[in-house]
Amino acid sequence: MAGGTPIPDAGTYDFVVVGGGSAGCVLANRLTEGGASVLLLEAGQWDRDPLIHIPVGIGKIFPQRLHDWGYFMEPDPGIDGRGIECARGRVIGGSSSINVMAYVRGHHSDYDRWARSGLDGWSYADVLPYFRRSENWEGGGNAYRGGEGPLRVQRTRYRDGILADFIEAGRQAGYSVTTDYNGAQQEGFDYIQETIHAGRRNSAATAYLRPALRRKKLRVIVGARADRIEITDGRATGIRFTQGGRVQLAQARREVVLAAGVINSPKLLMLSGIGDPAHLAGHGIGVTIANPGVGANLRDHLSVMASYRRKSPSWFQQEMRYDRLAMAMLKSLLRKDGFASDVPIGVTAFLKTQPDLAAPDVQFLFLAAPFPARPYLPPFTSPVPDGFGCRVALLRPESAGSISLSSADPDAKPRITPNFLTSERDRDTLREGLRILRRTMGQPVMAPHIIEENAPGAAAQDDEALDAFIRATSVTVHHPAGTCRMGGAQDSRRVVDGHLRVAGVDGLRIVDASVMPDLVGGNINAVVMMIAEKAADLMLGRPALARADDMHRGTLAA
Ligand SMILES: Cc1cc2nc3c(=O)[nH]c(=O)nc-3n(C[C@H](O)[C@H](O)[C@H](O)COP(=O)(O)OP(=O)(O)OC[C@H]3O[C@@H](n4cnc5c(N)ncnc54)[C@H](O)[C@@H]3O)c2cc1C
């Protein structure tokens with residue numbers, strides 16, 4: 001009842017899933033495929049904007065914060081008091097509709113670490129079959145790659161000679177080159193793999209949700225913001241949501257599933273009385289389940305960019321002239337290829353800042369374009385000076401932040417407190433990563449491309465200068481995770497168990513980036529989708545896919 005009047009009933013379903021993002025789309029598909037009825041509630045709208053689907057559209061979506069919750073982090077002392085943006089997709093497909101499309105699974109030791117912490121069923125041998133089930137790799141299936149799943153993955157098609165030279169520079173600097181960083185060996189330089197197919201973004205919505213829409217068991221409501229989980233006698237029974245100013249109630253026969261993402265899933269728990277009692281009391285929210293772990297353990301991949309003035313002309317600069325860009329977008333729409341059908345990243349690398357490490361601890365993300373860049377049209381506007389750059393991302397941060405409420409009003413944005421670089425090891429790693437990048441850029445093969453280093457700039461050499469540069473310029477590469485962390489039975493701060501069930505309440509699971517116990521060594525969209533693939537089996541009571549250990553024993557290199 002709301003104010004004495006009954007709340008309009010949005011129906012009863014086996015599963016009510018909150019959030020039509022990377023995880024939510026996978027669940028909508030796999031659960032209905034398994035015969036269950038599903039209501040998918042998404043706060044954003046359908047993904048009709050062509051900018052979502054033409055890969056180069058990210059150049060407009062991101063700076064203009066289109067289809068985005070518009071979050072910013074709190075001013076953070078670790079990065080000179082800056083409150084940096086925290087983009088999150090608010091649209092069908094969620095963040096997979098606005099992300100940069102890099103397809104990366106992390107390092108095999110990440111999952112073995114999860115399993116060692118008490119999470120049975122989450123070792124690399126356990127999760128590899130789920131990565132394979134989700135994937136449709138252009139090279140076809142093999143021991144590591146999936147060839148028949150819904151998610152299309154291809155190597156970059158971006159055409160710029162600097163990419164091959166950057167890989168060669170890595171070799172000249174003494175680092176490995178790998179032929180598939182998602183295969184037997186992650187470590188080294190490689191062309192980037194992307195969730196792009198036939199010139200279009202292959203978001204979770206395209207790959208998983210669209211093919212499921214014809215099933216009668218699936219209902220999707222867009223523009224529907226979940227405000228509270230209904231909990232009766234220790235069981236989650238439904239979701240109260242607002243659509244067009246109207247409050248409605250959807251009931252779950254089997255389970256309520258939060259797939260609202262790393263920021264909004266803990267927010268929704270807190271609004272429903274699940275969280276740190278003192279924090280909830282501070283906002284006048286009654287405690288249903290006391291759990292100080294909710295919203296804690298926020299991890300994110302912080303990165304720093306070195307940028308260069310470019311000598312050799314870039315493909316990017318040529319194609320950004322307005323008339324050419326318009327043609328490229330048309331070509332991408334009609335012929336599904338060309339400049340607009342890819343992103344100017346091209347190369348990534350996973351490297352160890354210390355040779356004795358078990359796994360790479362930094363990632364390079366190349367950028368074959370000046371930053372910031374914009375279209376131009378002579379004589380009215382001129383291009384920005386040509387350039388390129390590379391981000392160095394810190395892969396396994398020790399520094400941890402939190403999500404908390406700013407108000408009990410579901411409309412209010414939560415507080416995102418990142419606590420970046422509070423760990424000395426994190427500062428050392430990022431600084432050393434920057435030095436490795438400079439060493440790579442200093443190799444003979446890069447000389448024909450470089451006029452000079454713009455930033456950090458020649459004057460920044462000692463630790464102090466590099467640390468100051470990192471504090472002043474570092475930004476997220478948008479992989480926040482861990483705020484409803486999964487943990488084994490001994491983990492007193494866990495929010496969900498190894499089956500993704502919320503501790504202390506029946507019929508409630510969380511399936512999204514928030515359940516990751518910590519960050520893996522790479523971009524996380526593929527990881528979230530793997531988690532959702534595995535969750536679907538858990539929810540349907542199906543046996544887990546056969547472990548991959550026999551197939552892989554002894555074959556894994558760093
Ligand atoms: C700009 C950007 C670039 C990125 N680049 C990459 C990349 O190149 N490669 C990579 O692997 N990863 C990348 N990522 C990260 C990756 O896309 C995300 O980690 C992943 O999509 C998260 O999936 P999720 O299911 O946890 O959440 P999301 O995909 O964010 O889905 C959450 C969904 O829930 C909805 N929602 C939230 N609250 C409510 C509510 N109260 N009621 C109803 N609906 C709600 C949201 O609108 C959203 O649709 C990037 C992310 C961003 C933002």
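I take buried to mean under 20% relative accessible area, exposed over 50% and partly exposed in between (1.4 Å probe, protein chains only). At 4% relative accessibility, Phe339 therefore counts as buried.

The model is predicted, so I note that local features need pLDDT of at least 70, side-chain atom pairs count only at pLDDT 80 or more, and totals for chains, interfaces and linings use all residues. Residues are numbered from 1 along each chain as its sequence is written, and side-chain values use heavy atoms, without hydrogens and water.

**Aromatic pairs.** I looked up ring pairs of Phe, Tyr and Trp (six-membered ring for Trp; centres within 6.5 Å; planes under 30 degrees apart stacked, over 60 edge-to-face, the rest tilted). The structure holds 15 of these aromatic pairs. Tyr111 and Phe131 pair edge-to-face, at 5.8 Å centre to centre and 70 degrees between the planes. Both Tyr111 and Phe131 are buried. Trp315 and Phe339 also form an edge-to-face pair, with 5.3 Å between centres and 85 degrees between planes. Trp315 counts as buried because its relative accessibility is 13%. I also found a cluster linked by ring pairs: Phe166, Phe189, Tyr308, Phe364, Phe366 and Phe388.

**Charges over rings.** My criterion is NZ of Lys or CZ of Arg within 6 Å of the ring centre and within 35 degrees of the ring normal. The charged end of Arg145 sits over the ring of Trp137, 3.9 Å from the ring centre. For Lys534, the charged end sits over the ring of Trp122, 5.0 Å from the centre.
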